[in-house]
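Thank you for making time for this today.

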Amino acid sequence: MTGTQDAGSIHVVAAALIDARRRVLIAQRPAGKHLAGAWEFPGGKLEPGEAPAEGLERELREEIGVTIGPPRPLLRLHHTYPDGEVLLDVWVVRRYRGRPRGLEGQTLRWCDRAALAAADLLPADRPILAALRLPERLRRDTTPHYRVVSARELKGLRRRSGLVGAACRSAEEAQAAAAGADFLALDPVLAPGELAALCARVAVPLFARGVALERAWALGATGINALV
């Protein structure tokens, strides 16, 4: 793998590749590699000057032999290993062509959500599990695994089970709330440039308002805030 640097970090892209049975693909790091035997989401390091979505398409083609459709941004996170820091750019891929196979000698495994939670994932990959429980569109329904509170309520909230998102009235409030929220739900409609800049600054999933779903993905958002 080759990569780019981001403020001293190695910039890595990874995919949660999901099949028609809603299983997620993971790969085992082969013998001879750092942290051999652990499982990870497939992907790799960006090449110099390469955009994350382009790098993801290249890595999945080279590593597991699939061609992907438009991916959905999920989250960005930093993780520090003893030998350095990784900036992990994670995407959801539901549309792809080809049968995944380990072209670099790695073992592949399709997991349902229970098996995925029990897998010996790399430490940097474990936060991805919670984010995968979020939908593409936030709605007020009976779904028990997430709820949305105001950014002000978030500060004194006593956590229970499930994910907690912050409803934010501005880009500045969203950036401040990102440290304590599992995801962000924007109330205002931001201009495309402002939305893209905010998505690049925050690490947690962000749900935009007033933009079509695939346009939101292109700007870096995880999905749409359809809460009313």
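Let me begin with Arg-58, which counts as buried because its relative accessibility is 8%, and please keep in mind throughout that what you see is a predicted model. Arg-58 sits in helix H1, which runs over residues 52-64. If we leave aside its neighbours within four places in sequence, Arg-58 is in contact with Lys-45, Leu-46, Glu-47 and Glu-50.

For contrast, take another arginine, Arg-22, which lies in the loop between strand S2 (9-17) and S3. Arg-22 counts as exposed, because its relative accessibility is 59%.

Now to the sheets. Three strands, in the order S4-S3-S10, form an open sheet with antiparallel pairing. At the edges stand strand S4 (39-40) and strand S10 (107-111), each with a single partner strand, so one side of each is left without a neighbour in the sheet. Strand S3, residues 24-28, pairs with S10 in the antiparallel sense over 5 bridges, and within that pairing Ile-26 stands opposite Arg-109 in S10.

The other sheet I want to show is also open, but its pairing is parallel, with 6 strands in the order S11-S16-S15-S14-S13-S12. Which strands stand at its edges? They are strand S11 (137-138) and strand S12 (146-150), and each has a single partner strand, so one side of each has no neighbour in the sheet. S12 pairs with strand S13, residues 163-168, in the parallel sense over 5 bridges, and there Val-149 stands opposite Ala-166 in S13. Helix H6 packs on this sheet, touching S14 and S15, and its direction makes about 170° with that of S15.

Let us stay with H6 for a moment. Its residues are 192-201, and the buried ones are Leu-195, Leu-198 and Cys-199. How are these placed around the helix axis? They cover an arc of only 100°, which puts them on the same side of H6. The buried residues of H6 pack against strand S7 (72-81), helix H5 (171-177), strand S14 (183-186) and strand S15 (206-208).

That brings me to the aromatic rings, where the structure holds 2 aromatic pairs. In one of them, the ring centres of Tyr-146 and Phe-183 are 6.0 Å apart and the planes are at 85°, so the pair is edge-to-face. This pair links distant parts of the chain, with Tyr-146 in strand S12 and Phe-183 in strand S14, 37 residues apart. Both partners are on the buried side of the cut-off: Tyr-146 is buried because its relative accessible area is 10%, and Phe-183 is buried because its relative accessible area is 0%. The rings of Phe-183 and Phe-207 have centres 5.8 Å apart and planes at 80°, so this pair is edge-to-face as well. Here too distant parts of the chain are linked, from Phe-183 in strand S14 to Phe-207 in strand S15, 24 residues apart. Phe-207 counts as buried, because its relative accessibility is 0%. Taken together, Tyr-146, Phe-183 and Phe-207 form one aromatic cluster.

Finally, the cysteines, which I expect some of you will ask about. How many disulfides does a search of the whole structure find? The search finds 0.

Conventions. Residues numbered from 1 in each chain as written. Predicted model: local features only at pLDDT ≥ 70, side-chain atom pairs only at ≥ 80, totals over all residues. Heavy atoms only, no water. Disulfide = S-S within 2.5 Å. Buried < 20%, exposed > 50% of the residue type's maximum accessible area, 1.4 Å probe, protein only. Helix = DSSP H or I, 4+ residues; strand = E, 2+ residues; numbered from the N terminus. Arc of directions from axis to C-beta. Contact = heavy atoms within 4.5 Å. Pairing = 2+ DSSP bridges. Axes fitted to C-alpha atoms, helices over the stretch in contact; angles between N-to-C directions. Phe/Tyr/Trp six-rings, centres within 6.5 Å; stacked < 30°, edge-to-face > 60°.
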